[in-house]
Amino acid sequence: MPVVYQGACTHCRQPTRALDRAPAVYRADGTVALLPIDAARRAIRRHGFTWRQAAREGRIVRADLTVCRDCGGLHRREQVDDDEAARAARDGGEPTRLASAAPVPIALVAALAVAAASAVALDHPPALAAAAALAAMASVMVAAAFVLTRREPAYAAAALVARRTSATAHRVRALAATRRCGTCGGEHLTPIADAGDDALTRLRCPSCGQRALTLRAAGRA
Ligand SMILES: [Zn+2]
Ligand SMILES: [Zn+2]
């Protein structure tokens, strides 16, 4: 849950209200739009994407409110949300779904082969052949499930890297510009949640530009 910061400027009396972090979407035109916390998945459709589609394309952006230690300005630092991209890669990959179904035909073929070998070549009773077939099927499925569940995170990570190196690479680069203060260009940005009360006095007021704004955490959004 994001934290709400509130305060007022002693110079122009304008109130300021801001969230420490917010979800945002990187739009087709290269601009970033903040989304409402409580309705982000619905609101993102207005920008032409579903949440899952945007996540898989590396368009879900995390916007963190920071305080510039050089000029006292408030500044949104934006970066591609890797957690959302990884989750979408893990949940939505067709190769993962195909791979999950693979143990079934493999186990059936193995079971039939064992049953045929037991019953015909060794002349075992049918019950023993069936038991051997079931044991073979169970061991193949357990082994395959074990291998696949261990490989899925690696698959998701590989998919994320592949996307990162192609479609989202330019978005990551474009957002890197927000690591500098939008007012003075300085690089000394502190997330507002880590800033401490002393750093939240004499902030630069977004309305009048004077260093006369004090903010305080006022609750959860
Ligand atoms: Zn600055
Ligand atoms: Zn002001």
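Strands here are DSSP runs of E at least two residues long, numbered from the N terminus. In this predicted model, Ala28 sits in the loop that runs between strand 3 (21–26) and strand 4 (32–34).

Ala28 counts as exposed because it has 10 C-beta neighbours inside 10 Å, and the cut-off for exposed is 12 or fewer. Arg59 lies 31 residues away from Ala28 along the chain, and the C-alpha atoms of the two are separated by 9.3 Å.

## Overall make-up

The protein has 221 residues, of which 25% count as buried. Its secondary structure consists of 8 helices and 9 strands.

Among contacts in the protein with a separation of 6 or more, 67% are between residues 24 or more positions apart.

An open sheet is formed by 4 strands in the order 2-1-9-8, with antiparallel pairing. Strand 2 (15–19) and strand 8 (203–204) are at the edges; each has a single partner strand, so one side of each has no neighbour in the sheet.

Strand 1 covers residues 3–9 and strand 9 covers residues 211–220, and the two pair in the antiparallel sense over 7 bridges. As for individual positions, Gly7 is placed opposite Leu215 in strand 9.

Methods
Residues numbered from 1 in each chain as written. Chains lettered and ligands numbered in written order. Predicted model: local features only at pLDDT ≥ 70, side-chain atom pairs only at ≥ 80, totals over all residues. Buried ≥ 20, exposed ≤ 12 C-beta atoms within 10 Å, placed from the backbone. Contact = placed C-beta atoms within 7 Å. Pairing = 2+ DSSP bridges.
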